[in-house]
Amino acid sequence: MPEVNGPQRLGGWTRFVTARPRLALLAALVITMLAVFAGSGVAGRMGSGGWEAPDAESTYTTKALEREFPASQPNLLLLVDSGGASVDDPAVAAEAARLTERLAGEKGVTGVGSYWQSKSPALRAEDGREALIAARIEGDDKAMGEVLDRIAPAYRGVHGPVEVSVGGPVAVRHEMQTIIQEDLLRAEMIALPVTLVLLVMVFGSAIAALLPLGVGIVAILGTNAVLRGITEFTDVSVFAQNLTTALGLGLAIDYALFIVRRFREELSAGADTREAVGATLRTAGRTVLFSALTVAVSLAAMLVFPQYFLRSFAYAGIAVVLLAAAAALVLLPAALVLLGPRVNSLDLRRLLRRGDGHASGRPVARSGGVVRGRPGGHDGSSGSADAGPGRGWGRFAALVMRRAPVFAAATAVGLVLLGLPFLGVKFGTADDRQLPASAESHVVQQHIRDGFPGSPGGGLEVLAEGAATPAQYAEYRDRIAGLPGVLRVEGPVTAGRFAYFGVLPEGESVGQGAQRLVQDLRAEPAPFDTSVTGTAAVLVDSKHAIADRLPWAVGIIVVVTLLLVFLLTGSVLIPLQAVVLNALSLTAMFGAVVWVFQDGHLSGLLSFTSTGDIETTLPVLMFCVAFGLSMDYGVFLLSRIKEEYDRTGDHEGSVTFGLRHTGGLITAAAVILAVVMVAIGTSRVTNTKMLGLGIALAVLMDAMVVRSLLVPSVMKLMGRVTWWAPAPLRAFHRRFGLSEGESVPVPAEEMPKDAPERDRVTTGA
């Protein structure tokens with residue numbers, strides 16, 4: 001059937017967002033200024049930890065040891081270098097004793113001890129020229145950072161015959177937090193101007209290019225205010241600010257690109273400004289809403305994990321996605337109403353354009369009585385691959401579909417091969433090696449690893465609770481000393497009903513042997529209650545917590561994605577295809593993470609220290625973020641394919657139409673988001689570098705390989721069965737489903753057999 005001609009009625013949402021555009025923009029400006037005020041100082045309230053599971057045995061044991069035996073859990077280490085003399089030299093010992101006594105008198109510092117007090121070999125370097133003063137700073141991350149800032153300058157540097165450097169976990173976390181804030185500011189300074197240049201290249205118009213940046217800035221500032229509020233109730237990781245910047249700019253630009261592009265298409269088709277805004281919101285606006293929901297769900301899945309590091313990214317991600325979508329669907333239409341055709345003003349590509357009426361925003365002549373706001377072929381059909389805008393993408397789609405089996409097989413096999421290095425992944429914990437090699441706390445910890453026996457701080461602690469006799473303690477000590485992989489056992493140190501043993505494992509502190517030793521210690525029977533902590537124990541508990549919750553997270557993402565894509569397309573096969581292809585798009589990212597960051601390839605070029613493992617939570621974070629972003633691009637492509645299929649019933653023509661009208665835009669959006677992520681990846685902190693560069697690779701692979709090669713080839717191979725759904729689900733979709741187009745297709749099996757392909761549609765509702 002032919003479509004109904006004439007202007008579309010403005011919907012309620014269009015009237016709402018465009019009735020008073022100046023008032024809407026003024027209100028947005030006021031809210032943004034309030035967000036700047038509310039979000040100020042948010043970084044100072046964030047933590048730099050959060051990798052441990054709060055309900056794990058190791059977390060409970062650590063807190064109990066901090067409470068009962070503060071000296072057993074030092075988080076501040078002063079590395080005392082005696083130069084050419086021995087640390088046992090009287091002058092060196094006297095100065096070290098003076099520093100130890102002074103540190104013990106500092107407010108907020110407890111559990112002070114040193115080599116010169118205990119003569120413990122673990123606190124003395126093997127060459128006899130360095131030794132340690134250990135202490136514990138009390139409080140949360142913010143309080144510990146304030147104490148460190150206050151006391152560190154007084155101890156750092158030369159003191160008579162010795163030189164002191166400041167290290168330990170609290171110094172590592174504080175230095176990491178400072179570096180992340182500095183790097184984030186630098187990343188923003190890199191990303192913003194480069195993004196603006198790319199947007200000008202995409203749009204030509206400087207006015208149109210500024211709109212996506214405005215949406216992104218509103219989303220970022222609003223999210224900072226939201227995170228500031230969340231810090232009043234729970235811990236939030238400072239790493240989440242990187243995601244706020246990346247997604248705030250990336251998604252805002254994605255959404256604004258598609259809305260502004262569709263608005264300009266509607267103007268070119270001859271619609272007036274308000275009609276163009278209405279058609280844009282009914283089409284691209286719905287797609288943006290679906291995209292935001294799919295990305296938000298992927299990020300919300302991280303809320304099932306107990307580690308606040310992962311939960312923080314969910315808080316930041318959900319807020320920034322919803323704010324970016326809200327700004328794109330409320331503020332952007334208001335701005336477009338005020339600008340109208342002036343959205344094409346300050347066209348910086350005028351000299352390069354040769355009479356392209358579509359790009360200039362001038363109405364394009366149409367024949368055949370086509371509905372305004374439906375760019376396509378001049379006769380209302382999907383058009384040939386060689387006609388209209390994006391004809392290069394149309395020809396490319398036709399080529400891929402002509403050789404669909406070859407492209408599908410070769411691309412899928414290539415992506416699987418790129419992901420093979422991930423089969424050798426080794427999980428570990430984040431430590432000082434996340435920092436640049438020149439960072440003071442990294443230097444201190446490296447000296448300890450290289451020069452001290454047993455790597456202080458890398459051992460295990462066993463907490464004993466309950467009444468026990470010295471003989472029982474001695475018998476238990478002898479038994480755990482005989483366990484495989486135990487190098488040395490120290491203790492017990494007792495305090496009332498509590499005691500603890502220090503267990504030094506053989507080999508690496510977080511190696512497989514140390515992890516097996518954790519399990520053996522927990523399984524060893526004792527006449528009192530025991531619990532184990534230490535670096536290896538935290539890793540074991542973290543891996544268990546993630547493995548326990550990962551099926552739930554993946555299940556939430558898959559089920560909700562299937563539902564949302566079904567509501568968008570009305571097909572039961574396209575959602576399955578979307579999930580599988582999205583998963584394939586992530587293989588290159590995971591393979592590269594292991595090959596580069598675990599195995600250390602390109603470590604010199606990228607300036608990081610390889611630890612030989614990947615921090616346990618990072619793959620989960622990268623999966624949730626990258627899967628959501630790939631669905632973002634998938635929704636944009638599928639929505640245009642679905643729109644054209646609803647209008648024409650031509651399966652292959654619709655795929656060509658979708659790629660022709662979104663291929664360039666998706667690629668441009670992916671390149672811009674990749675630029676933002678690479679800017680984040682310039683961070684000097686390894687985890688942030690891994691996140692930024694890994695997501696950038698995933699985004700580019702998804703846009704340039706999966707959307708360009710796999711999607712059209714797979715849809716060609718599946719044919720019209722792609723759109724199949726059982727009758728009850730078809731009825732459900734007709735009632736509750738949403739799509740970018742305004743017409744609802746009649747399924748093939750319900751059409752007359754002699755109906756021509758192009759007429760197998762119904763009029764819009």
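These legends describe close-up views of side-chain contacts in a predicted model.

The structure holds 18 aromatic pairs. One of them is formed by W51 and F239. Their ring centres are 5.9 Å apart. The angle between the planes is 65°, and the pair is edge-to-face. Are W51 and F239 buried or exposed? Both are buried.

**View B. W51 and F239 belong to an aromatic cluster.**

**View C. W393 and F396 pair within helix 13.**
A pair of aromatic rings is described by the distance of the centres and the angle of the planes. Here the centres of the W393 and F396 rings lie 6.1 Å apart. Why is this pair edge-to-face? The planes stand at 85°, and an angle over 60 degrees counts as edge-to-face. Helix 13 covers residues 391-402. W393 and F396 are 3 residues apart in this helix, so about one helical turn separates them. W393 has a relative accessible area of 24%, so it is partly exposed. F396 has a value of 29% and is partly exposed too.

**View D. An arginine lies over a tyrosine ring.**
R102 lies over the face of Y155. The distance from the ring centre is 5.0 Å.

**View E. A nonpolar patch lies on the surface.**
Which residues form the patch? They are L23, L26, L29, V30, M33 and L34. Together they have about 610 Å² of accessible area. One of them, L26, is found in helix 2. L26 has a relative accessible area of 49%, so it counts as partly exposed.

**View F. A salt bridge joins K119 and D88.**
Side chains of opposite charge can pair when their charged atoms come close. The structure holds 31 salt bridges. In one of them, the side chains of K119 and D88 meet, with 3.7 Å from N to O. This pair links distant parts of the chain. K119 is in the loop between helix 5 (115-118) and strand 3 (130-137). D88 is in the loop between strand 1 (76-81) and helix 4 (90-104). The two residues are 31 residues apart. K119 has 46% relative accessibility, so it counts as partly exposed. D88, at 36%, is partly exposed as well.

**View G. E265 forms salt bridges with R261 and R262.**
The closest N and O atoms of R261 and E265 are 3.5 Å apart. For R262 and E265, the closest N and O atoms are 3.9 Å apart. R261 and E265 are 4 residues apart in helix 9, so about one helical turn separates them. R262 and E265 also lie in helix 9, 3 residues apart, about one turn of the helix. Is E265 buried or exposed? E265 has a relative accessible area of 1%, so it is buried. R262 is buried, also with 1%. R261, at 24% relative accessibility, counts as partly exposed.

**View H. Salt bridges link six side chains in a network.**
The network includes R261, R262 and E265. E266, R640 and E643 are linked in it as well.

Technical notes: Residues are numbered from 1 along each chain as its sequence is written. This is a predicted model: local features need pLDDT of at least 70, side-chain atom pairs count only at pLDDT 80 or more; totals for chains, interfaces and linings use all residues. Side-chain values use heavy atoms; hydrogens and water are left out. Rings of Phe, Tyr and Trp (its six-membered ring) pair if their centres lie within 6.5 Å; planes under 30 degrees apart count as stacked, over 60 as edge-to-face and the rest as tilted. Buried means under 20% relative accessible area, exposed over 50%, partly exposed in between (1.4 Å probe, protein chains only). A charge sits over a ring if NZ of Lys or CZ of Arg is within 6 Å of the ring centre and within 35 degrees of the ring normal. Patches are made of residues with over 30% relative accessible area and no salt bridge: like charges are joined within 9 Å, nonpolar side chains (Val, Leu, Ile, Met, Phe, Trp, Tyr) within 5 Å. Accessible areas come from the Shrake-Rupley method with a 1.4 Å probe; for residues, only the protein chains shown count as cover. A salt bridge is a side-chain nitrogen of Lys or Arg within 4 Å of a carboxyl oxygen of Asp or Glu.
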